[in-house]
Amino acid sequence: MDEYATFVTHLECSATGARFAPDKLHGLSDAGKPLLVRYDLEGIRRAVSRETFATRGGGFWKYREFLPVRKNADVVSLGEVMTPLIELPALARRAGAARLIVKDEGRLPTGSFKARGLALAVAMAKTFGVRRMAMPTNGNAGAALAAYATRAGIETHVFCPADTPEINVREIALAGGQVTLVDGLINDCGRRVAEGRERMGWFDVSTLKEPYRIEGKKTMGYELAEQLDWRLPDAIFYPTGGGTGLIGMWKAFDELQAAGLIGDGRPRMVAVQAAGCAPIVRAWQLGADHAEPWQDAHTIAAGIRVPGAIGDFLILRALRESGGFAIAVDDAEINDGLVEVARTEGLLLCPEGAATYAAWRAALADGRIGAHENVLLFNCASGLKYPLPPA
Ligand SMILES: Cc1ncc(COP(=O)(O)O)c(C=O)c1O
């Protein structure tokens, strides 16, 4: 089968609800806000059942009815896998808690969950004949973009903060990306992409500035639902930078329900940030709908050093709708968490993943999470991509 049905009906502005045509290249909506892909969920309901997915391989590509790619030839693959759920029984027991699980995204190509979003963005860029893509990145997204785009024959221009971990910079360059180090943070890198866009003919694949990365990231929601026998956990702790995965999973759960695969139970979504860069946490505490940019952002968890997110209102909305919250942990807690999980359970987390563990501990201590709650943490990248603490 060269082509399969997509159930995409249209794209929708996440702020105004305005509709846009599918099957063409899109950036932001005309209101300057992220676009969301909408599907004929009734049609998907008729086409699939839980059993449909049980027999398929191919990692996240197996949820293709919920994805926008039409032609098999446009699928770009580096051997995606369904990432494992790993129980942390000793730590759960020690804390007197019900169940603690890590979804370990470090097993994906390029060693992080960024593979999901960028595989989709590159597949769609290939569909629409894009020749050059550009993005600002804290490292992992750039590595995934370079890998998938090179494989698809697309040129990439990647802008990283000058202090991005060396391994990420080399990884991007080795995979064929043209890397520019910028004296500043990811938002400064984003400005460089915006400046070059017209002049250089780049397609801007910045977080949520094109509609398809989120479609890839949302597959985390389908996958964890299927792995948990279509019963969602009580709470999901997600290390939040641009928030694509959190917004994406929230969207995925609605789609799964409309397609008849899950009921109306939802996890509480918890956005985890670093104390040195916590714009969403501050906005949450203020009860605001939008987050003001964070000044002088710093943390060892490079992936969540995002001072301002274009999808801030969508993150905050998902937290509110789910009865969740936003929480910050400092670098010492992140480091201690990383060491504790490795020493106790033998599982190496990345700092961003360790932040979710530290946040769970803190939330359990202050009562925001109950001991009875089944909690799922996201380890979003391989711990081996980062400088390790001394043994
Ligand atoms: C390891 C890691 N964790 C978390 C994030 C944040 O992800 P999101 O943009 O979906 O909030 C990133 C993004 O760069 C990352 O690389």
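A backbone N or O atom of glycine 243 lies 2.6 Å from an oxygen atom of the ligand. The model is predicted: local features need pLDDT of at least 70, side-chain atom pairs count only at pLDDT 80 or more, and totals for chains, interfaces and linings use all residues. Residues are numbered from 1 along each chain as its sequence is written, and side-chain values use heavy atoms, with hydrogens and water left out.

Threonine 244 places a backbone N or O atom 3.2 Å from a ligand oxygen. Lysine 114 uses its side chain, where an N or O atom is 3.1 Å from an oxygen atom of the ligand. The protein covers 97% of the 400 Å² of accessible area that the ligand has on its own; areas come from the Shrake-Rupley method with a 1.4 Å probe.

The ligand sits in the largest pocket. A pocket is an open set of points on a 1 Å grid over the protein atoms alone, where a 1.4 Å probe fits, with protein on both sides within 12 Å along at least five of seven lines. To sit there, a molecule needs more than half of its atoms within 2 Å of the grid points. Two elements give two or more residues each to the shell: β10 (235–239) and α10 (244–258). Helices (H or I, at least four residues) and strands (E, at least two) are DSSP runs, numbered from the N terminus.

In total, 18 residues surround the ligand, each with a heavy atom within 4 Å of it. The closest are Lys114, Lys217, Tyr238, Gly241 and Gly243. Seven residues of the shell are nonpolar, eight polar and three charged; Gly counts as polar, Tyr as nonpolar and Lys as charged.

Four strands form an open sheet with parallel pairing, in the order β8-β7-β6-β9. Strands pair if DSSP finds at least two bridges between them. Strands β6 (residues 132–136) and β7 (residues 155–161) run parallel and are joined by five bridges. Alanine 134 stands opposite histidine 157 of β7.

Another open sheet has three strands, ordered β2-β1-β3, with antiparallel pairing. Its edge strands, β2 (19–20) and β3 (35–39), each have a single partner, so one side of each lacks a neighbour in the sheet. Two bridges pair β1 (residues 8–13) with β2 in the antiparallel sense. Glutamate 12 has arginine 19 in β2 as its bridge partner.

Definitions and conventions. A polar contact is a pair of N or O atoms within 3.5 Å; within protein, one must be able to donate a hydrogen and the other to accept it, and residues adjacent in sequence count only if both atoms are side-chain atoms. On a 1 Å grid over the protein atoms alone, a cavity is a set of points where a 1.4 Å probe fits but cannot get out, and a pocket is an open set with protein on both sides within 12 Å along at least five of seven lines; lining residues have an atom within 4 Å of a point.
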